[in-house]
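Reader: I would like to go through this model by its charged side chains and then its overall fold. Please show it.

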Amino acid sequence: MKGHVRSNWSNAVLICRKCSKKLDGGFGPDGDERLAKALRRHLKLKKGRKAAAGIVEVNCLGICPKGAVTVVDGAHSRDWLLVRPGADPDDLARELHLAAEEEAPA
Ligand code: FES
């Protein structure tokens, strides 16, 4: 049996939900948003498979850094990021390969 579901995701980014909860915000213009939400809003990404990229909160990834959030870039899964509160969203989008599609001509 073979099944497929198409998505519009150019990349998938996994963000640790537990790290995000422990920080209780830390991102967004007022520093009160969780990383996934702040990143989605900054890049004007919708939720679900119709979005241009997937930003998904997942369970603990086993790193559990103090004062940071563990993030996996699906395109470069061998190099995980530990993102500290207040990280620049544009830098982060570039590092996570989420920005290129935004700037590419349609
Ligand atoms: S709590 Fe985030 S990696 Fe464990």
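Reader: Which residue forms a salt bridge with arginine 41?
Author: This is a predicted model, in which local features need pLDDT of at least 70 and side-chain atom pairs count only at pLDDT 80 or more, while totals for chains, interfaces and linings use all residues. Residues are numbered from 1 along each chain as its sequence is written, and side-chain values use heavy atoms, with hydrogens and water left out. A salt bridge here is a side-chain nitrogen of Lys or Arg within 4 Å of a carboxyl oxygen of Asp or Glu. For arginine 41 the closest N and O atoms are 3.0 Å apart, and the partner is glutamate 33.

Reader: Is glutamate 33 buried or exposed?
Author: Buried means under 20% relative accessible area, exposed over 50%, and partly exposed in between (1.4 Å probe, protein chains only). Arginine 41, at 41%, is partly exposed. Glutamate 33 has a relative accessibility of 13%, so it counts as buried.

Reader: How many salt bridges does a search of the whole structure find?
Author: Besides the pair of arginine 41 and glutamate 33, glutamate 57 bridges to arginine 34. Arginine 94 bridges to aspartate 91. The search of the whole structure gives a count of three.

Reader: Where in the chain is arginine 34, the salt-bridge partner of glutamate 57?
Author: The closest N and O atoms of glutamate 57 and arginine 34 are 3.0 Å apart. The pair links distant parts of the chain, 23 residues apart, with glutamate 57 in strand β2 and arginine 34 in the loop between α1 (17-23) and α2. Helices (H or I, at least four residues) and strands (E, at least two) are DSSP runs, numbered from the N terminus. The place of arginine 34 is therefore the loop between α1 and α2.

Reader: What separates arginine 94 and aspartate 91 along helix α3?
Author: The closest N and O atoms of this salt bridge are 2.8 Å apart. Arginine 94 is partly exposed at 49%, and aspartate 91 is partly exposed at 41%. Because the two residues are three apart in helix α3, their separation is about one helical turn.

Reader: Which side chain of opposite charge is nearest to arginine 40?
Author: Arginine 40 lies in helix α2 (residues 35-42). Lys and Arg count as positive and Asp and Glu as negative; His and the chain ends are not counted. Arginine 40 is buried yet has no salt bridge, and the nearest side chain of opposite charge, 6.0 Å away, is glutamate 57.

Reader: Which residues does arginine 40 touch, not counting those up to four places away in sequence?
Author: Contact means heavy atoms within 4.5 Å. With sequence neighbours up to four places away left out, arginine 40 touches Leu45, Lys46, Lys47 and Ile55.

Reader: What distance separates the C-alpha atoms of alanine 12 and glycine 74?
Author: Alanine 12 is found in strand β1. Not counting residues up to four places away in sequence, alanine 12 touches Gly54, Val72, Asp73 and Gly74. Alanine 12 and glycine 74 are 62 residues apart along the chain, and their C-alpha atoms are separated by 5.0 Å.
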